[in-house]
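Here is a short report on a predicted model. Keep the sequence and the structure open while reading.

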Amino acid sequence: MNTAFIPFILLVTYKKRLFDPIDARKLHQRIIPRLGGVAFAPIQCILMVITMVLVFKTSFAPFEVQSWAFLSHFMMLICGLVILSIVGIGDDLIGVDYKWKFLTQVLVASLLPLSGLWINDLYGLGFIIKLSPWIGMPLTIFVIVLIINAVNLIDGLDGLCSGLIGVSCLVLGSLFMFYGAWVHALFAFITLGVLIPFFYYNVFGTKKRRRQIFMGDTGSMTLGFSIAFLAISFAMNNEYIKPFSEGAIVVAFSTLIIPVFDVARVMYVRWRQGQPIFKPDRNHLHHKFLKAGMTHRTAMIAIIGLSLFFSIFNIVMVEYISNNIVLVLDVFLWIGFHAIFNRLDRRNVIAKVQLYINLL
């Protein structure tokens with residue numbers, strides 16, 4: 001369905017000249033439409049409703065579930081996607097103040113705990129197991145807002161955001177299938193299906209044919225909310241969603257390690273340097289890859305591969321060691337990875353300086 005929508009969106013954006021602004025911080029230096037994410041939420045919602053009706057009526061899979069236990073979760077998910085989509089379109093067209101976007105994100109994030117979906121168990125992380133609603137619900141809201149913004153900020157290379165969320169949907173969808181949570185698996189694969197045609201246009205679109213398009217904030221915010229919903233659904237200790245698994249909390253957020261750790265690192269660096277933590281810069285992970293000499297496409301593939309590595313690593317390791325140790329290993333791997341790239345970056349700078357001196 002998204003394959004049919006994107007050419008129509010491209011036609012409208014070129015006729016109305018709705019292009020992504022070009023500035024010093026952007027990696028692209030030509031006009032590209034930025035409304036590719038407009039179709040995400042409508043298609044997700046439409047296909048989810050139609051598919052659920054069909055599979056329940058035709059008994060396509062063994063849906064031995066208590067639908068009342070999570071139907072409210074999906075209803076609030078759809079409401080949140082619609083709200084974020086409306087605000088995102090406004091931001092992509094005329095710009096919306098960040099404070100209003102943040103308040104909208106908090107409002108939307110509150111819908112999931114209101115529906116009964118929230119992080120109620122840490123599975124031993126920090127030696128904490130059960131969480132009371134007074135702690136778990138605010139924590140869930142914070143996590144959702146963090147994920148929405150992390151996904152938004154990682155959208156800096158062609159195919160990077162859609163590729164990362166696509167991998168997340170593939171991994172979580174497969175895990176939901178493994179545990180028999182077919183309805184959640186459906187939503188994961190529907191989201192993946194929406195992203196595949198966009199990924200093609202975003203990565204392989206050409207200026208000559210006017211086929212390249214960006215997702216904009218509309219797409220990144222709705223994708224962030226979608227993947228947050230899937231991760232929290234997997235992490236929640238709820239037998240009506242899926243059976244209990246000891247490493248659920250670590251596995252659920254493994255696919256989001258790259259965007260979440262990256263935004264945490266960037267904000268920490270800004271805070272250390274006395275800069276506003278929300279000030280845009282070129283200090284994200286993909287900027288480091290580019291500074292190291294990688295092409296845009298190579299950097300995109302490398303980051304997606306790194307995300308897949310963390311996912312597989314955590315899925316395997318939680319079967320043998322505690323969640324706390326796995327999390328510590330993730331942090332050390334992340335720090336070590338950045339230490340290597342910082343060294344490569346310094347060598348690259350030194351080499352350029354030496355070349356410049358030789359030319360003089």
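## Helix H12

Helix H12 covers residues 296-317, 22 residues in total. From its first C-alpha to its last, H12 reaches 32 Å. That is close to the 32 Å expected at 1.5 Å a residue.

Which residues of H12 are buried? They are Ala299, Met300, Ile303, Ile304, Leu306, Ser307, Phe310, Ser311, Phe313 and Asn314. The list includes the polar residues Ser307, Ser311 and Asn314.

## The nonpolar core

The largest nonpolar core holds 101 residues. Within this core, Ile147, Phe225, Ile227, Leu230 and Phe253 touch the most other members. Helix H7, residues 182-204, gives the most to this core, with twelve residues.

Leaving out residues up to four places away in sequence, Ile147 touches Gly224, Ile227, Ala228, Phe253, Leu256 and Val260. Two of these contacts, Ile227 and Phe253, are also among the residues that touch the most other core members.

## Asparagine 202 in helix H7

Helix H7 also carries Asn202. Is this residue buried or exposed? Asn202 is buried, with a relative accessible area of 4%; the cut-off for buried is under 20%.

## Aromatic pairs

How many aromatic pairs does the structure hold? There are 16. One of them joins Phe40 and Phe198. This pair is edge-to-face, with 5.4 Å centre to centre and 90° between the planes. Phe40 lies in helix H2 (residues 40-58) and Phe198 in helix H7, so the pair ties together parts that are 158 residues apart in sequence. Phe40 is buried, at a relative accessible area of 0%. Phe198 is buried too, at 1%.

A second pair, Tyr200 and Phe204, is tilted, because the ring centres are 5.8 Å apart and the planes are at 35°. Both residues sit in helix H7, four residues apart, so about one helical turn separates them. Tyr200 is partly exposed, with a relative accessible area of 42%. Phe204 is also partly exposed, at 43%. Elsewhere, Phe70, Phe74, Phe187 and Phe229 form one aromatic cluster.

## Lysine 242 and two rings

Lys242 deserves a look from both sides. The charged end of Lys242 sits over the ring of Tyr179, 5.3 Å from its centre. Lys242 also lies over the face of Phe234, at 4.5 Å from the ring centre.

## Two positive phi values in one loop

Now turn to the loop between helix H4 (98-115) and helix H5 (133-154), where Tyr123 lies. Tyr123 has a positive phi of about 55°, although it is not a glycine. Phe127 is in the loop between H4 and H5 as well. Phe127 also has a positive phi, about 60°, and is not a glycine.

Phe127 is exposed, with a relative accessible area of 77%. The cut-offs are under 20% for buried and over 50% for exposed, so these two residues fall into opposite classes.

Conventions. Residues numbered from 1 in each chain as written. Predicted model: local features only at pLDDT ≥ 70, side-chain atom pairs only at ≥ 80, totals over all residues. Heavy atoms only, no water. Core = buried A, V, L, I, M, F, W, Y, C linked by side-chain atoms within 4.5 Å. Buried < 20%, exposed > 50% of the residue type's maximum accessible area, 1.4 Å probe, protein only. Contact = heavy atoms within 4.5 Å. Expected span 1.5 Å × (residues − 1). Phe/Tyr/Trp six-rings, centres within 6.5 Å; stacked < 30°, edge-to-face > 60°. Lys NZ or Arg CZ within 6 Å of the ring centre and 35° of its normal.
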